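Please read the points with the model open beside you.

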Amino acid sequence: LERPIARFDELVRRIREVVVGKLRAPYHDAAHAEGVAERFERYLEAAGATPVVAQLGFLTGLLHDAGHPGERYRE
């Protein structure tokens with residue numbers, strides 16, 4: 001996969017460290033965030049999005065549950 005966003009890997013590393021690593025609730029956890037990020041990126045690529053948009057989709061997926069209280073299985 002082409003990575004046109006400069007320092008993308010560093011940005012992903014920091015998001016995983018600061019946000020995703022703190023998601024520990026049932027269902028709303030790090031594995032869930034990673035899965036959503038990967039699927040969102042693949043869907044965007046399949047739909048013909050540019051590589052930059054696909055990367056932004058990956059970042060959006062990682063962050064989609066940031067701050068979620070994780071009190072229920074699904075909201």
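1. Start with Arg 14. This is a predicted model, and in it Arg 14 is partly exposed, with a relative accessible area of 38%. Arg 14 forms a salt bridge with Glu 17. The closest N and O atoms of that pair are 2.8 Å apart. Glu 17 is also partly exposed, at 42% relative accessibility. Both residues lie in helix α1, 3 residues apart, which is about one turn of the helix.

2. Now look at Arg 16. Which residue does Arg 16 form a salt bridge with? The partner is Glu 34, and the closest N and O atoms are 2.6 Å apart. Arg 16 sits in helix α1 and Glu 34 in helix α2 (residues 30-46), so this pair ties together parts that are 18 residues apart in sequence. Arg 16 is partly exposed, at 35% relative accessibility. Glu 34 is buried, with a relative accessible area of 18%. The cut-off matters here: buried means under 20%.

3. Salt bridges that share partners join Glu 10, Arg 13, Arg 14 and Glu 17 into one network. Within it, Glu 10 forms a salt bridge with Arg 13, with 2.8 Å between the closest N and O atoms. Glu 10 and Arg 13 are 3 residues apart in helix α1 (residues 8-18), so about one helical turn separates them. Glu 10 is partly exposed, with a relative accessible area of 31%. Arg 13 is partly exposed too, at 40%. The count for the model comes to 4 salt bridges.

4. Next, the overall plan. The chain has 3 helices and 0 strands. From the N terminus on, its elements run α-α-α. There are 75 residues, and buried ones make up 33% of them. Consider the contacts with a separation of 6 or more: residues 24 or more positions apart account for 70% of these.

5. How many residues make up the largest nonpolar core? There are 11 in all: Phe 8, Val 12, Ile 15, Val 19, Val 20, Leu 23, Ala 33, Ala 37, Phe 58, Leu 59 and Leu 62. α1, α2 and α3 (51-63) each supply at least two residues of this core. In soluble globular proteins, nonpolar side chains tend to be buried together. Leaving aside residues up to four places away in sequence, Ala 37 touches Phe 58, Gly 61 and Leu 62.

6. Turn to α2 and α3. Their axes come within 7 Å and cross at roughly 155 degrees. Angles over 145 count as roughly antiparallel, so α2 is roughly antiparallel to α3. The crossing of α2 and α3 is right-handed. On the α2 side, the contact includes Ala 33, Glu 34, Ala 37, Phe 40 and Leu 44. On the α3 side, it includes Val 53, Ala 54, Phe 58, Gly 61 and Leu 62. Note that Glu 34 takes part in this contact and also forms the salt bridge with Arg 16.

7. Compare α1 and α3. At what angle do α1 and α3 pack? The angle is about 10 degrees, with the axes 10 Å apart. α1 and α3 are therefore roughly parallel to each other. In α1, the residues that meet α3 are Phe 8, Leu 11, Val 12, Ile 15 and Arg 16. Their counterparts in α3 are Gln 55, Phe 58, Leu 59, Leu 62 and Leu 63.

8. Leu 63 deserves a separate look. This residue is found in helix α3. Is Leu 63 buried or partly exposed? At 36% relative accessibility, Leu 63 counts as partly exposed. Not counting residues up to four places away in sequence, Leu 63 touches Ile 15 and Val 19. The C-alpha atoms of Leu 63 and Val 20 are separated by 7.3 Å, although the two residues are 43 apart along the chain.

9. Finally, check His 32. His 32 is found in helix α2. At 15% relative accessibility, His 32 counts as buried. Again leaving out residues up to four places away in sequence, His 32 touches Tyr 27, His 64 and Asp 65.

Technical notes
Residues are numbered from 1 along each chain as its sequence is written. This is a predicted model: local features need pLDDT of at least 70, side-chain atom pairs count only at pLDDT 80 or more; totals for chains, interfaces and linings use all residues. Side-chain values use heavy atoms; hydrogens and water are left out. A salt bridge is a side-chain nitrogen of Lys or Arg within 4 Å of a carboxyl oxygen of Asp or Glu. Helices (H or I, at least four residues) and strands (E, at least two) are DSSP runs, numbered from the N terminus. Buried means under 20% relative accessible area, exposed over 50%, partly exposed in between (1.4 Å probe, protein chains only). A nonpolar core is a set of buried Ala, Val, Leu, Ile, Met, Phe, Trp, Tyr and Cys residues joined through side-chain atoms within 4.5 Å. Contact means heavy atoms within 4.5 Å. Axes are lines fitted to C-alpha atoms, for helices over the stretch in contact, and angles run from 0 to 180 degrees between N-to-C directions. Angles under 35 degrees count as roughly parallel, over 145 as roughly antiparallel, 65 to 115 as roughly perpendicular and the rest as oblique. A crossing is left-handed if the near helix is turned anticlockwise from the far one by less than a right angle, and right-handed if clockwise.
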